[in-house]
Amino acid sequence: MANQASIETRDVRLWYGEFQALKGIDLDVSRGRITGLIGPSGCGKTTLLRCFNRINERYDYVRTEGSLIIDGHNIYAPDVDLIELRKRVGMVFQRPNPLPISIRDNVLYGYRLHTPKAERSRGAEDEALESALKSVQLWDILKDRLGDRATRLQLEQQQKLCIARLLPLKPSIILMDEPCSALDPDATAKVEELIRQIAGEFTILIVTHNMAQARRVSDECVFMLIGEIVEHGRTEDLFIAPKDQRTADYIEGRFG
Amino acid sequence: MSRGETEHTDFSATPMTEASHSRQKIARAFLGIATALLLLPLFAIIGLLVTHGMSAITAEFLLEAPTAGMTAGGIYPAIIGTLWLIGVSLAVAAPIGIMAGIYLNEYAPENWVTRMINLAIVNLAGVPSIVHALFGVGAFVLFLGLGTSILSASLTLAVMTLPVIIASTKEALASVPVAFRHASWTLGASRWQTIWHIVLPNSVSGILTGVILQVSRAAGETAPIMFTGAAFYLPFLPQSVQDQCMALSMHLFTVSTQVPNVPEAFPYATALVLLTLVVTFNFFSIGLRTYLRARRKW
Ligand SMILES: Nc1ncnc2c1ncn2[C@@H]1O[C@H](COP(=O)(O)OP(=O)(O)OP(=O)(O)O)[C@@H](O)[C@H]1O
Ligand SMILES: [Mg+2]
């Protein structure tokens, strides 16, 4: 399983009502690496990302077909439990969205949901909290104000917290949808650094509009256009020697 | 003044900006006057009730039953009766209304059935209370055989207040940013866990405000209780929801229009007590809202 792809999709098609947003996606996402997802606005990056934790399904009018395999299991199989799936596949949003509760409760929110009452203890929680916050370099800054509202933190800290709260669940995949687009350049650099740092432990899939960010952060890169994958390769190959003319046009800023 | 467009280089007002300023002043004046006009009757009513009714408000008036064909004594049974009615109707309407509001906002699929239900709720909120009264007689007093009782009257009031409780619950829930729900769902919370841990704590002030405002509305209604459970004259207190009871709104109607030789101050004093009760509820609701808002989290 170690060298098997983390996510394998075959001919994934998705409709919003009548509108087909994904037109046959075949993609293997390498385990433990950072894969960037780039493409012009509206090409379906967010839609594809949201297939992997099945959050698209909150709309009744969404229909998904094809095969989507995560860690060897088809996640659209009837026996798949959404709660278990989302525990394994975490998500970070475009706008930081800490919950309107304390910093501590934010980090432990998922942990508490998924740990039976009998196994929970103050000690275990403290440990999970500290290790999660340390992983995102917030422990030293926040350790004396863990009871403060998370929604009052600076955006950079909020976004890091949103990453931290995934960690106690030990996810295998983290999906990030333009995680830095609400941040200033300085905060962006810090969050990018963090993403690089936690890579390896997790498979990370990151959508970005920012070519420079895709180059800086990702190991592999996927270029999408109107619901299809045009090119997928190692990031340096894709940026230095794109195989497809459309990829070349896009990364040189000729459209999108 | 031959000041051309291009010569106007400083930031002083031009005829056109002057015009916008004066229009703004006129608009502001009209809006202010409308607000003042709104407050006028409110103060007039309170002033009238206090000047005419205050003299009748005594311990006896508040704590004793009416006597001598309601021309003497007090309104104690009516106060207690009103409390029974709003208590029982609240106990029925609040849980059902809040649960229905949660279902409609958080679970109901987007389809024509849901749209029909929402439309029905909006329309039900506009049904006159006398129609609810007739419904109450037909449904609770006769069909369910509950007779004229506190239960029948309270159920009628509950039916009357439900639509607005549902609507205000939905509104309060909808005001919780959807980003919080996404965060919770993607951390593997079920819909219910999300509602319980995140959505409800952040909408409880709005929900309770809606409920309490409906309670005070129920306290003031006469028609829905008149044929379903409120008694004209019943000098002792109800023992259970199967009894009838007196009620302030009904009593006010009675002493103002139905019996002769009532002291002039009695109707005003009764109205004053009713108003005080309603205002107390509303202040309580405002206080609760302020308290919960202050604890709110984003
Ligand atoms: N909830 C929805 N209902 C209907 N159509 C949708 C919905 N969400 C997205 N779409 C459509 O699906 C297509 C893909 O949208 P998606 O959000 O996945 O694009 P994206 O690549 O993430 O774009 P961006 O870079 O602007 O975020 C777009 O044409 C969009 O209009
Ligand atoms: Mg997007």
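**Figure 1. Glu236(A) and its salt-bridge partner in a predicted model.** At 40% relative accessibility, Glu236(A) is partly exposed (buried is under 20% relative accessible area, exposed is over 50%, and partly exposed is in between, with a 1.4 Å probe and protein chains only). Its side chain meets that of Arg234(A) in a salt bridge, 2.6 Å from N to O (a side-chain nitrogen of Lys or Arg within 4 Å of a carboxyl oxygen of Asp or Glu). Arg234(A) also forms a salt bridge with Asp237(A), at 3.9 Å from N to O. Arg234(A) is partly exposed, with a relative accessible area of 44%, and Asp237(A) is partly exposed at 36%. The model is predicted: local features need pLDDT of at least 70, side-chain atom pairs count only at pLDDT 80 or more, and totals for chains, interfaces and linings use all residues. Residues are numbered from 1 along each chain as its sequence is written, chains are lettered from A and ligands numbered from 1 in the order in which they are written, and side-chain values use heavy atoms, with hydrogens and water left out.

**Figure 2. Other salt bridges of chain A, including that of Arg13(A) and Asp11(A).** The side chains of Arg13(A) and Asp11(A) are joined by a salt bridge of 3.5 Å, N to O. Arg13(A) is partly exposed at 24% relative accessibility, and Asp11(A) is partly exposed at 37%. A network of salt bridges links Arg104(A), Asp105(A), Arg112(A), Arg122(A), Glu125(A) and Asp126(A). Over all chains, the count is 26 salt bridges. Side chains of opposite charge can pair when their charged atoms come close.

**Figure 3. The contact between chain A and chain B.** Here 24 residues of chain A are in contact with 23 residues of chain B (contact means heavy atoms within 4.5 Å). The area buried between the two chains is about 1,900 Å², and carbon and sulfur atoms give 66% of it (buried area is the accessible area, 1.4 Å probe, that two parts lose on being put together, summed over both). In chain A, the residues that lose the most area to chain B are Pro100(A), Tyr109(A) and Leu113(A), together 28% of what that side buries. On the side of chain A that touches chain B, α2 (82-88), β6 (89-92) and α3 (103-114) each supply at least two residues (helices are DSSP runs of H or I with at least four residues, strands are runs of E with at least two, and both are numbered from the N terminus). The largest share, four residues, comes from α3(A). Between chain A and chain B there are zero salt bridges.

**Figure 4. Helix α6 of chain A, residues 155-164.** This helix is mostly covered, with nine of its ten residues buried. Among the buried residues are Glu156(A), Lys160(A), Leu161(A) and Cys162(A). The buried residues of α6(A) pack against β6, α3, α4, α5, β7 (173-177) and α7 (185-198) of chain A.

**Figure 5. Loop residues Gln137(A) and Ile226(A).** Gln137(A) is not a glycine but has a positive phi of about 60 degrees. Gln137(A) sits in the loop between α4 (122-135) and α5 (139-142) of chain A, and is partly exposed with a relative accessible area of 32%. Ile226(A), also a residue other than glycine, has a positive phi near 35 degrees. The loop that holds Ile226(A) runs between β9 (220-225) and β10 (228-234) of chain A, and Ile226(A) is exposed at 59% relative accessible area.
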